[in-house]
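Open the viewer and keep the selection panel to hand. The tour moves stop by stop, with something to pick at each one.

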Amino acid sequence: MSDKITIAVSKGRIFDEALPLLAKIDVIPKDDPQNSRKLILETNKNNVQILVIRATDVPTYVERGAAELGIAGKDVLLEYQGDGFYEPIDLGIAKCKMMLAGLKGVKKEITRPRIATKYTNITQNYFSNFGKQVEIIKLYGSMELAPILGLADQIVDLVDTGKTLEANGLVPYERIADISSRLIVNKASMKLKSTAIKSFIEKLSDVIEVAE
Amino acid sequence: MNTNNRWLLPEGVDEILPPKAILLEQICRKIIDLYTTWGYEFVIPPMVEYLESLLTATGEDLDLQTYKITDQISGRLMGVRADITPQVARIDAHLMKQDTPTRLCYLGSVLHSRSDSFGDSRSPLQLGAELFGHAGVSSDIEIVKLMLATLNSLEIDNICIDIGHIGIFRSLISESKLTPEKEMEVFEIVKRKAKDELKKFYKKLKINDNSSKALLDLVDLHGDVSILEDATKSIAKFFPEVKKHINEIKAVSESIADEPNLSINVDLAELRGYNYHTGMIYTAYVPDEGKGVAFGGRYDDIGRAFGRARPATGFSADVKQLLELHNCEKVKITRIFAPSDSDPALKKKIKDLREQGKIVVQELEGQKHTAVEMNCSLSLIHENNDWIIKDNKK
C-alpha cells in the first residue's frame, strides 16, 4: 500500500502562513510557490505533494479522499455541511474573528433583520441558536457595502483588524466565532494510512506547541 | 420542464445498464448464496411502512433521510425506507418470536431524502446480514468474518477493518459531571478528533478530572492493535468497564489476525452511528476509496420498542458501491448469433446451447444487422449438414 500523502491547502494567506509550518517539519516545495503556476507542488519528500486550491474547495477534496490532508480556515469548515473528515490540529495561523456588524448609530435590535453574508449556514445556525429569525442575503464579497446601500441591516463576515469595518462606518456587534486554520484528515485515510498520517500529525503538533 | 431534459434522472438517483447490470445481479446472487450457507435466512421487508416502526430507536439522522408519504387508507404517515436494518429488527422482534439466535439477511433498494454529504447516491442497493439473540463477542466475530467473506467473494483485496467500541466513549462521558448540552459538545469534538479544541474546552471550564484526561487520551487512541495496550495502561486503569470493552476488541481482532491481505486498525474514538450502536462497531475500507465500503456494529436495544429487546449485531453495504470495486473487466460475456432459419436441427442446437447456459441471440426475420453489430462474437453456421459455432473474427 502506498503511503502517498496529498495536502490540499487554501490559496492565499493560509498557504503563505502554512508553508513555514510545513518547512519546520521538513516538507518544502521543490518549485518556488511564488513563481510556479503548477497546481500540484512536489516537495522534497517523495511521498508528499501539495495542492493549492480555493479555500472552499479544501473540505470537498479531503472529504472525498482526493487529498488525504487539508489546511483550511475554521470559517470554511463551519460553513461546510458534512463530517467526512477529522480535525486534529488547530494550526493557530491565519487568525481572525467571525463577527456580526452593523452601521454606526443605527438601532441594533430589529425584529427580523436582513443579514448580508457569504456564510449562510453559520449565520443561520448562530441566530437560530437563540431563537431569532433572520433573513439572509447571500453575497460573495464586499459585505460592508450592503448596510450602507440599504440592501441589508447587518453583516456577518470575517474581521481581522477591523479597519475595513471602521473605514465604512460599521461597528462590530458580536463575536460569533474565533477563526484559525485547522489540519483536516480524510476519515478513510486516517485508517488506511494510519502510520504515515499519525506521524505527520504528531510532528506538526509538536512544532505548533513549541510555537505557542 | 424543458423537453430536452425529459431523460434526466433526479440527483443522486442512478440506474445500471448492460453489461454491468447483469454483473450486479450475479454479485447479489453470489452473496445471498454465501449468506445462506452460513445459515442466514433471506427476508424481503416492504418498501414502505408506517413511520413509527421505521424510525424506532434509530435517531434523528435516519428521520431526516426518510421520505414521508400519507397513507390514504389510514391517514397515517408512511416512510419509504432509508435503511433496512430496523425493518429486519422488527421482523426478528415481533414476527419470528424465537429465543434461539436468529440469523437474517436481506437485499433491497433504499431511498435517501438527501445524499450523505459524501456518498453521491440517494438510492443505494442495500445488502446485509443481522444476527439477533446473542450478546457475546462470538456473534461479533461471526459478523466481522461474514463481512470479510462478502468482500473476499468479490475478490476485493487489501481490506482494512477498522474496529471501535461505542461503549468506551459512553462509559467515559457518563463519568463526567457535564450537563447534557456540554456532553453533546464533547461528543461533537471527539467525533472530529479535534484534540486542540477539546483541550481548550476543558481549560475554559477548568475541568481536570479522570474523565476529561481519559477523553483527551481517547482522541489519540487509534492505529494498529498495539494501541489497545496503551489504552489499557492509560484509560482502563481508572475505568474498569473500559477494560472489558478493550478485551472484546482484542478478541475480535485476534480472530481475524490470520486472514491474508487484511490490515486491522483500531479506533477507540470512532463514534459512527452513536445514537444507534451500543457496542463494537466495524467498518471495512479499501485503498483509494475515500469512504468505507461495509459498515457494521452492535445495536442491542432496537427490538425493545417492538416488544422484545434482543441483542443484535450485523452489517450492511451498498452493492452498487461494491460493484465499482469489483473488477468488472475480467468478466467477459460471450453471445452467439443464430441466423433466422426454420431448420429443426438449428432449433434443437439453440435449445441445447441455452440449456447449457450459453447466450444465443436469434436473428429476426428481415433483420439486416450483422452478428458483430448485434454484439455477438460467435455465430452458428451451417456446415457439412451440421450447425457449428464459429468465431466471427475468423
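Which residue of chain B forms a salt bridge with E87(A)? Select E87(A) and R192(B): their closest N and O atoms are 3.0 Å apart. Bear in mind throughout that this is a predicted model.

**Stop 1: around E87(A)**

Are they buried or exposed? Both E87(A) and K74(A) are buried.

**Stop 2: across to helix α8 of chain B**

E197(B) is buried, as is K74(A).

Next, select D90(A) and K200(B). Their side chains meet in a salt bridge at 2.8 Å, N to O. This pair crosses between chains too, running from strand β5 of chain A to helix α8 of chain B. Why does D90(A) count as buried? Its relative accessibility is 9%, and buried means under 20%.

K74(A), E87(A), D90(A), R182(A), R192(B), E197(B) and K200(B) are linked in a network of salt bridges.

**Stop 3: the interface as a whole**

How many residues of each chain are in contact across the interface? The count is 23 residues of chain A and 27 residues of chain B. Select R64(A), K191(A) and L192(A). Together they supply 28% of the area that chain A buries against chain B, more than any other three residues.

The size of an interface is often given as the accessible area lost when the parts come together. Here the area buried between chain A and chain B is about 2,100 Å². Carbon and sulfur atoms give 48% of that area. Between chain A and chain B there are 7 salt bridges.

**Stop 4: D71(B)**

Look for it in the loop between β3 (67-70) and β4 (77-80). D71(B) is buried yet has no salt bridge. Which side chain of opposite charge is nearest to D71(B)? It is R76(B), 7.2 Å away. Leaving aside neighbours within four places in sequence, D71(B) is in contact with Y50(B), R76(B) and M78(B).

**Stop 5: all of chain B**

The C-alpha trace spans about 95 × 55 × 50 Å along its principal axes. Of the 394 residues in chain B, 48% are buried. Among contacts between residues at least 6 apart in sequence, 68% join residues at least 24 apart.

Switch to a surface. The accessible surface of chain B comes to about 20,300 Å², and 53% of it belongs to carbon and sulfur atoms. Finish by colouring charges. Chain B carries 51 positive and 60 negative side chains, and the centres of the two sets lie 1 Å apart.

Notes: Residues numbered from 1 in each chain as written. Chains lettered and ligands numbered in written order. Predicted model: local features only at pLDDT ≥ 70, side-chain atom pairs only at ≥ 80, totals over all residues. Heavy atoms only, no water. Buried < 20%, exposed > 50% of the residue type's maximum accessible area, 1.4 Å probe, protein only. Contact = heavy atoms within 4.5 Å. Areas by Shrake-Rupley, 256 points an atom, 1.4 Å probe, with all protein chains shown as cover. Lys, Arg positive; Asp, Glu negative; His and termini not counted. Charge placed at Lys NZ, Arg CZ, Asp CG, Glu CD. Buried area = accessible area lost by both parts, 1.4 Å probe. Salt bridge = Lys/Arg side-chain N within 4 Å of Asp/Glu carboxyl O. Helix = DSSP H or I, 4+ residues; strand = E, 2+ residues; numbered from the N terminus.
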